[in-house]
Amino acid sequence: MTRWMRSSTGRLALVGLLVLLVVDAALVALAYRPDAVGAAPAAPAPRSTPVTSTPTPSPTPETRPVPLRQVVVALDDSRAWRAVLGTCDKGGAAIEVTGDGGRTWGTRVVPAKALGRVQPVSADRAFVIGADASCTAGEFITDDGARTWNGPRALQGGWSRTPGGATGTAVTPERPTARPCGPGTLVDLSRVSGTSARALCGDGSVTTSSDGGATWTRLAQVGSAMALSVREEKGSARAYVARVADGCEGVELARVTGKSATSVACVVVPDGLPEGRVSISVVDAAGWLAVGDTVWRSGADLRTWTRTA
């Protein structure tokens, strides 16, 4: 009996081992079975590795697009106006004028607590759209180079960012509180004609209106743009932006082309870019760039820029 039990036990162990080998072979065959006719064997699944996303850094306060607080507006290659816009409650508006290409600037009388637009028309004639302490916008006119002013008079058909520090609205011929950027921030505004203008928004979009500011559509997307200016080239309006760009240690001037912008020049700015105080003005004969208290000027091609004294 004992011999029979030992013999049975050995046979059972051998059978169990054979069953395990058969099951294991079947599992291996299933693991490498093609999913369909002609399909390659599936490779073993790779081990999962956690993915760490690097967040896109927010623009620093030094380069963040914000509504301009200081502007430069050129008449030609030698004459330009520079202004601090101020606010309705605190004032602070200031105007300077140059007639020698930016080498010297003379302080002028300011007719309002806050300014939304400054526009020289000739050597002595200019107008501004400004506001008093109640933030009521009006137009002021000078015929003697901003030594004296007439006004305010009611706005009729003008284009201007809303004076006084509003972040999203503009005065337009069709709407006194237009929103060129929808609910977003309006950084800069440039008139093209009595019915047309371009706007730069805080998200980098450039919008356009051809119906006096009643409606706006997106024209292009130009990230990190800080200022906008438009001039006529070959019978049509051409927009330019001043922006922060990789490879340019300062301000890049870019031409808005199609739905984006193409680099024209890099102006090296060693002293940083103060928030809200980077502005450009392009006219037929020249380009002007103001960064804080420093001004650069270029010829008509906008490619070579020289820092003025």
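Author: Strand 19 and strand 20 are an antiparallel pair held by 5 bridges. Two strands count as paired if DSSP finds at least two bridges between them, and strands (E, at least two residues) and helices (H or I, at least four) are DSSP runs numbered from the N terminus. This is a predicted model, in which local features need pLDDT of at least 70 and side-chain atom pairs count only at pLDDT 80 or more, while totals for chains, interfaces and linings use all residues. Residues are numbered from 1 along each chain as its sequence is written, and side-chain values use heavy atoms, with hydrogens and water left out.

Reader: How many residues does the hairpin between strand 19 and strand 20 run through?

Author: The hairpin has 4 residues. Within this pair, V282 has G287 of strand 20 as its bridge partner.

Reader: In what order do the strands of the open sheet come?

Author: The order is 19-20-21-22, with antiparallel pairing. Strand 19 (278-282) and strand 22 (305-307) are the edges; each has a single partner strand, so one side of each lacks a neighbour in the sheet. Neighbouring strands are turned by 20° against each other on average, direction ignored; the axes are lines fitted to C-alpha atoms, for helices over the stretch in contact, and angles run from 0 to 180 degrees between N-to-C directions.

Reader: What joins strand 20 to strand 21?

Author: These antiparallel strands are joined by 5 bridges, and V291 is partnered with T294 in strand 21. Their hairpin has 2 residues between the strands, and G292 there takes a positive phi near 60°. Strand 21 (residues 294-298) also pairs with strand 22, over 3 bridges, where R297 is partnered with T306.

Reader: Is strand 20 mostly covered or mostly open?

Author: Burial is read from relative accessible area: buried is under 20%, exposed is over 50%, and partly exposed lies in between (1.4 Å probe, protein chains only). In strand 20 (residues 287-291), 5 of 5 residues are buried. G287, L289 and V291 point one way, W288 and A290 the other.

Reader: Which residues touch the most other members of the largest nonpolar core?

Author: In soluble globular proteins, nonpolar side chains tend to be buried together. A nonpolar core is a set of buried Ala, Val, Leu, Ile, Met, Phe, Trp, Tyr and Cys residues joined through side-chain atoms within 4.5 Å. Here the largest core has 36 residues, and L115, V251 and L289 touch the most other members. Not counting residues up to four places away in sequence, L289 touches residues including V251, V267, I280 and W305 (contact means heavy atoms within 4.5 Å).

Reader: How should I read salt bridges?

Author: Side chains of opposite charge can pair when their charged atoms come close. The rule asks for a side-chain nitrogen of Lys or Arg within 4 Å of a carboxyl oxygen of Asp or Glu, and the count comes to 10. One of them joins R69 and E275 (3.8 Å, N to O). R69 lies in the loop between helix 1 (2-31) and strand 1 (70-74), and E275 in the loop between strand 18 (260-268) and strand 19, 206 residues apart.

Reader: Which residue forms a salt bridge with E139?

Author: R153 does, with the closest N and O atoms 2.6 Å apart. E139 is buried at 14% relative accessibility, whereas R153 is partly exposed at 47%.
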